[in-house]
Amino acid sequence: MTISLTAHDVRLPDLTALALLALTLAVGIAFYGDLPAEMVVGWHVGLDEGVRLTRAPRPVATFAVPAVATGAYVVVRAVALLPGVRDEVRAARFVYDLAANLLLVAFCASQMAVVTANL
């Protein structure tokens, strides 16, 4: 059994998504050594205007966002393959791909924000 890749197997939105996932992971790897052992991952402002911080260990805080982003993209792509959804997605493929990639941009931006806040 041989597997061949044709022009229809790899699409530009998929390559863009792969690049965004790689960038999200690369941000964490590039600054891993410079990050503190306990990282701030959440900022919560209460009604009394007090700020609470949520902290997580460096490995969790650094690699949770790329893992969740990858899982979210797998789910988005899997949903597009469901029989009832496939035809609807085909009709609006550009919009679906744009929404999926914007989701990954949001994950990448949140990864950058967390890493930047902890440097």
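The legends below describe close-up views of a predicted model.

**View 1**
Among the facing residues, Glu-38 stands opposite Pro-57 of S2. Val-40 has Arg-55 in S2 as its bridge partner. In this hairpin 5 residues lie between the strands, and Glu-49 adopts a positive phi near 65 degrees. In a regular strand, side chains alternate between the two faces of the sheet.

**View 1. The aromatic pair of Tyr-32 and Phe-63.**
The count of aromatic pairs comes to 1. The ring centres of Tyr-32 and Phe-63 are 5.7 Å apart and the ring planes stand at 25 degrees, so the pair is classed as stacked, the limit for stacking being under 30 degrees. Tyr-32 belongs to the loop between helix H1 (12–31) and S1, whereas Phe-63 belongs to helix H2 (residues 58–80); the pair therefore ties together parts that are 31 residues apart in sequence. Tyr-32 is partly exposed, at 26% relative accessibility. Phe-63 is likewise partly exposed, its relative accessible area being 31%.

**View 2. Arg-58 over the ring of Tyr-32.**
The ring of Tyr-32 also has a charged group over it: the charged end of Arg-58 sits 4.7 Å from the ring centre. Tyr-32 itself lies in the loop that separates H1 from S1.

**View 3. Packing of helix H2 against helix H4.**
H2 packs with helix H4 (residues 93–118) at an angle of about 170 degrees, and the two axes are 9 Å apart. H2 is therefore roughly antiparallel to H4, a term that applies to angles over 145 degrees. On the H2 side, the contact includes Ala-61, Val-65, Ala-69, Ala-72, Tyr-73 and Val-76. On the H4 side, the contributing residues include Tyr-96, Ala-100, Leu-103, Leu-104 and Phe-107.

**View 4. Packing of helix H1 against helix H4.**
The axes of H1 and H4 come within 10 Å and cross at roughly 10 degrees. H1 is therefore roughly parallel to H4, since angles under 35 degrees are classed in this way. Residues of H1 in this contact include Pro-13, Ala-17, Leu-20, Leu-21, Thr-24 and Phe-31. They meet residues of H4, among them Asp-97, Asn-101, Val-105, Cys-108 and Val-115.

Leu-25 is located in helix H1. With a relative accessible area of 34%, Leu-25 is partly exposed. When residues up to four places away in sequence are not counted, Leu-25 touches Phe-63 and Pro-66.

Met-112 is located in helix H4 and is partly exposed, with a relative accessible area of 35%. Leaving aside neighbours within four places in sequence, Met-112 is in contact with Leu-23 and Val-27. Between Met-112 and Tyr-32, 80 residues apart along the chain, the C-alpha separation is 12 Å.

Terms used. Residues numbered from 1 in each chain as written. Predicted model: local features only at pLDDT ≥ 70, side-chain atom pairs only at ≥ 80, totals over all residues. Heavy atoms only, no water. Pairing = 2+ DSSP bridges. Helix = DSSP H or I, 4+ residues; strand = E, 2+ residues; numbered from the N terminus. Phe/Tyr/Trp six-rings, centres within 6.5 Å; stacked < 30°, edge-to-face > 60°. Buried < 20%, exposed > 50% of the residue type's maximum accessible area, 1.4 Å probe, protein only. Lys NZ or Arg CZ within 6 Å of the ring centre and 35° of its normal. Axes fitted to C-alpha atoms, helices over the stretch in contact; angles between N-to-C directions. Parallel < 35°, antiparallel > 145°, perpendicular 65-115°, else oblique. Contact = heavy atoms within 4.5 Å.
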